[in-house]
Amino acid sequence: MDSIIKSQPTVVVIFGATGDLTWRKLVPAFYNLYLDGRLPDNFAIIGVGHRDISDADFRKKMHSGVDTFSRRGKSKKKEWEVFEQMLSYQRGDFTAKGTYDTVSKLIKKHEKEWGERSSHIFYMAVPPIYFETITTMLGATDMVNNRKTDRLVIEKPFGYDLDSAKQLNNLLHSMYDECQLYRIDHYLGKETVQNILAFRFANALFEPIWNRNYIEHVQITVSEKIGIENRGNYYELAGALRDMIQNHILQLMCLVAMEPPVSFNAEEVRNRKVDVMNAIRRIKPESVNKYAVRGQYGEGWTHGKKVKGYRQEPDVNEKSNVETYAAVKFYIDNWRWQGVPFYLRTGKRMNETTSMITIQFKNVPHQSFPDEAAGNWQPNRLVLNIQPHMDIRLRFQAKKPGLEMLLRPVDMIFDYNEEYSSGSPEAYETLLLDVMEGDSTLFMRADQVEASWDLLMPIIKMWKDNPATNFPNYAAGLQGPEEAEALIAKDGHNWMVPPAAPEKEK
C-alpha cells in the first residue's frame, strides 16, 4: 500500500485554510505524515480562504501551528523548509466560479510539472453553511470526475436534523459517487478507538462472553471540564445531543455492539455498524422523559476558579434552552444484546475530562465464599479509556495476601504510554492517510448518518417543543444534573467514575 501511495501524485485543496482547524490539526497532521515518509513523492496543499494574504504569510502561520500543536514539538529548520514548499495559498470567494477556475489552473500547473494527473482531495474545513455551495461549484468542474482518485472530505456536523442530512446526501449523490465522500469524525481516528476492533475481534478470549448472557450493561461517557470555549454561535444551534451523541458517541456504541465482520473490508465493517443503528430501539415521543435527560451548566468552580454559567457565555441567549449535558438510555433489539441497557452521556463543565467505555459484567451465579471473605466483592468490569488516559483495564477478584481468605477487586492494566514509547499518531494523521489511500473504513456512510439522525429525532423534537423549566440544573464542576443519576439509578446502576491514572514507579 505504501508504494502505491508514494507513486500517486496528490493535491489537497483546503477550503477554509486560514481557520483554526487547518492551523491546529490539518497542517500539523500532514507535516507529521511527511516526517514519517507517508506523503506521496509529488504532493501539494493549496489553501483557499477569504483573507488576503501571501504564500509567505500563509506558510508562516502554518509554521506556528506546527510548532505549537505537532506531537513532535517544534519543527527542525531543514525539514520545515522542504515541507513548506508544498504549501500555497489562494484567496477566493467560495460562491464565485472564478475561485474554482483558479484552483483548477493551480492543480494543472502541478500536474504539468509532475507529468501525470494527480489525485484531487478537497477538504471542507468550513462552517456547514458553505457545504452545499462548495460541493455544487466543484461538481460543475472537471476536478472531481475521477471516481477512483478524486475525493471530498466533509467535517461534522453533517446536517442539523434528519431532513437536512437527507437533503445534503441527495445533493452530494447527484454529483458524486458515495465512494468519493469522506464524512470525517476525528474520534474514529484515535488509537484507542481503533483498538476496540482489535481487542474484540483479534482475541478469542472475549468474544464468547460479549453478549447479553454475561454483560449486565454498557456505559459510554464523554465529559469535558471546559465550557463552550467562545463557540456560542455554533453551540446555540447544536447542543450536546447533536454535537457529541449524534456522531462521536453513537459511533463508539456501534464499535462495541457490532457483529464480527467477515473481513476488514471498509464496506463490510460499515455494514455491521449500520446493522447496529437499525437495531437500536426507537424511543417513542411520549417516552422520551423515561430514556433521556438534558442539562445546562450554571456558575460554578473549576480548576480552583469561578466560571460563568452557559447563559452568561458570549453569543448565548440569556434564556437559552440549549442543553450542555445529555444522557440517553438505549436498547438494541437483536439476539446478542436484547435487554442490555446502553447508557450514553456527555457534558460540558463537568468534574472530569474523560472518554471511557465501561462494560459491566453480570455477577457470578453463586458465591461460594463466606460474607466476611467477600465483603469488597465487585462484579467483573472492563474499562476502555480513550482519553486523556489511554488504557484498557480488566477488573477481577483476587485473594488478598495473608493467612485468611479475603477477596478484593484488582485491575489488570494495559497502558498505551508504557507499552509504546514512540507515541501514537494524532487522529487526523490516521484519517488523512486513509483518505489518500482511499480507505473509508473509519468514515461514516450516508445510510449510517441518516440512521443516527432518525434515532435522535424524537428526543430533539420533544426537547424543542417542551423547553426546560429548570435550566441551569447543574453547577459547573459537578457530574451533571440529578436527573441523570436517577436515569441510571432506577435500574440499580450508577455512573462509573474515571479510574485514577496508574502511579509511576519511583
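Let me begin with helix α15, which gives the most to the lining of the second largest pocket, with 3 residues. Please keep in mind throughout that this is a predicted model. The pocket itself has a volume of about 240 Å³, and 13 residues line it, with Arg242, Asn321, Val322, Glu323 and Lys464 lying nearest its centre. Besides α15, which covers residues 446-465, helix α10, covering residues 240-257, also supplies at least two residues of that lining.

Now let us turn to helix α5. It runs over residues 97-114, and at 1.5 Å a residue its 18 residues should span 26 Å, which agrees with the 26 Å between its end C-alpha atoms. Which residues of α5 are buried? They are Thr99, Tyr100, Val103, Ser104, Ile107, His110, Glu111 and Trp114. What do they pack against? Their partners are the strands β1 (10-15), β2 (43-49) and β4 (119-124), together with helix α6 (131-139). On the other side of α5, by contrast, Lys97, Lys105, Lys109, Lys112 and Glu113 are exposed. Just after the helix comes Gly115, which takes a positive phi of about 80 degrees.

Finally, a word on cysteines. With a disulfide taken as a pair of cysteine sulfur atoms within 2.5 Å, the count comes to 0 disulfides. Is Cys254 buried or exposed? Cys254 is buried, because its relative accessible area is 0%, whereas Cys179, with a relative accessible area of 36%, is partly exposed.

Definitions and conventions: Residues numbered from 1 in each chain as written. Predicted model: local features only at pLDDT ≥ 70, side-chain atom pairs only at ≥ 80, totals over all residues. Heavy atoms only, no water. Helix = DSSP H or I, 4+ residues; strand = E, 2+ residues; numbered from the N terminus. Expected span 1.5 Å × (residues − 1). Buried < 20%, exposed > 50% of the residue type's maximum accessible area, 1.4 Å probe, protein only. Contact = heavy atoms within 4.5 Å. 1 Å grid on protein atoms, 1.4 Å probe; cavity = no way out; pocket = protein on both sides within 12 Å on 5 of 7 lines; lining within 4 Å. Points joined across faces, edges and corners; volume = space filled by probe spheres on them.
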